[in-house]
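Welcome! Here is a short tour of a structure that may be new to you, arranged by topic so that you can follow along in the viewer.

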Amino acid sequence: MKISILDDYHDTLRTLACFGKLAGHEVKVWNDHVQDTDALAGRLKDTEALVLIRERTKIQAPLLERLPRLRLISQRSVYPHIDIDACTRLGVIVCSNMHADTPSYATAELTWGLVLAAMRQIPQQMASLRAGTWQTGVGSTLRGKTLGIYSYGRIGKVVAEYGKAFGMRVLIWGREATLAKARAEGQVPAQSREAFFSECDVISLHMRLVDATRGIVKAGDLARMKPSALLVNTSRAGLIEPGALVNALKTGRPGMAAVDVFEEEPVRDTRYPLLTMENVVATPHIGYVSREEYEAQFSDIFDQIIAFAAGAPINVVNPAALQFVRAPQGDR
């Protein structure tokens, strides 16, 4: 099959052991990011199987309708960037392993790295040292402070364990099912939503972005946080009400934020508000970007291609498309 891979920024996939699974297929890897429909339609006009790296590129109906040879989209995790209805109508199978049983340790580790960087002012201290001015400011230790985990899922659970290893008190908040799971595993739920935001010194968000969670963190929630508190978001920017975080940081509640995700990505504008604030530590959505995580993710993604080529697709998220799946077309 003719396979296209989008958004492999650093040409990493060819260096992975699992890339060998695609031997015998014609593979084209694109290292830049393009969202323009005309440009993508030109690049992908002969593509039969499309590999996506998470949500980096939106795949919507206007593009899909211009890709008559496309038969499969293979990726991992959630798929809000893909028009599933259009794929089904056009006979394009979407396969995505939701990896519900395995946490992203890479994301959990980055989350903790951001916590340490923000609380100890590591980026600011590095900048001061490089500027020849030695120390700047005084950071805060974590031991004895309260860590809040909003949603006790796969990643939230790991981050909670890191917090306890650092001598922190851990509080959990989320849906009732989340709180019940936390209690069953010996964790302590907050007394209330208001108490959660007001008591915690560090709050880390660990939810999927779906309709029910979009904007779930409100301006009023942030206003309850301590002036010394830190909000960490390595999940999705859309979990926070639009504009609320920037406004909250300007008013000093919370006093700091550490983010790996943004409302529009990639962010290339150096004037982007969060990038201009001294009380923000920011990274370019690298939570899952580690060699080990890539091996795990793309092993699954390439297995989905192999299964599809063998006539037995796996992890199909739009099974109704199976009755419309396109037949392979000959070379033109």
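Helices (H or I, at least four residues) and strands (E, at least two) are DSSP runs, numbered from the N terminus. The expected span of a helix is 1.5 Å times one less than its number of residues. With that in hand, take α4: its 15 residues reach 21 Å from the first C-alpha to the last, close to the 21 Å expected at 1.5 Å a residue.

Please keep in mind that this is a predicted model, in which local features need pLDDT of at least 70 and side-chain atom pairs count only at pLDDT 80 or more, while totals for chains, interfaces and linings use all residues. Residues are numbered from 1 along each chain as its sequence is written, and side-chain values use heavy atoms, with hydrogens and water left out.

**The chain as a whole**

- The secondary structure of the protein chain comes to 11 helices and 12 strands.
- The protein chain has a radius of gyration (taken over C-alpha atoms) of 22 Å, close to the 20 Å from the globule rule (2.2 Å times the number of residues to the power 0.38) for 332 residues, so the chain is as compact as a globular protein of that length.
- Along the principal axes, the C-alpha atoms of the protein chain fill a box of roughly 65 × 50 × 35 Å.
- Of the 332 residues, 51% count as buried; buried means under 20% relative accessible area, exposed over 50%, and partly exposed in between (1.4 Å probe, protein chains only).
- Contact means heavy atoms within 4.5 Å, and among contacts between residues at least 6 apart in sequence, 64% join residues at least 24 apart.
- The accessible surface of the protein chain (Shrake-Rupley method, 1.4 Å probe) comes to about 15500 Å², of which 53% belongs to carbon and sulfur atoms.

**The nonpolar cores**

- A nonpolar core is a set of buried Ala, Val, Leu, Ile, Met, Phe, Trp, Tyr and Cys residues joined through side-chain atoms within 4.5 Å.
- The largest core has 57 residues, and those with the most contacts inside it are Phe196, Val202, Leu222, Leu230, Leu245 and Leu274.
- Which helix gives the most to this core? Helix α4 (residues 105-119) does, with eight residues.
- A second, separate core has 23 residues, including Ile5, Leu13, Ile93 and Ile301.
- Leu230 touches residues that include Val115, Ala118 and Met119, as well as Val202 and Ala258, leaving out those up to four places away in sequence.

- Among the buried residues of α4 are Trp112, Leu114, Val115, Ala118 and Met119.
- Just after α4, Gln121 takes a positive phi of about 55°.
- In α10 (244-251), the buried residues are Ala244, Leu245, Val246, Ala248 and Leu249.
- The cover over the buried residues of α10 includes α9 (219-223), β10 (230-233), β11 and β12.
- Just after α10, Gly252 has a positive phi of about 95°.

**Two buried residues to look up**

- Asp221 is found in helix α9 and is buried, with a relative accessible area of 4%.
- The side chain of Asp221 makes a polar contact with the side chain of Arg193 (2.7 Å); a polar contact is a pair of N or O atoms within 3.5 Å, and within protein one must be able to donate a hydrogen and the other to accept it, while residues adjacent in sequence count only if both atoms are side-chain atoms.
- Leaving aside neighbours within four places in sequence, Asp221 is in contact with Arg193, Phe197 and Ile216.
- Val51 is found in strand β3 (residues 49-51) and is buried, with a relative accessible area of 0%.
- Val51 and Ser4 are 47 residues apart in sequence and 6.1 Å apart in space, C-alpha to C-alpha.

**Backbone details**

- A cis peptide bond, with omega about 0°, joins Arg253 and Pro254, and Pro254 is found in the loop between α10 and β11 (256-259).
- Another cis peptide bond joins Glu265 and Pro266, again with omega about 0°; Pro266 lies in the loop between β11 and β12 (280-282).
- Ser151 is not a glycine, yet has a positive phi of about 90°.
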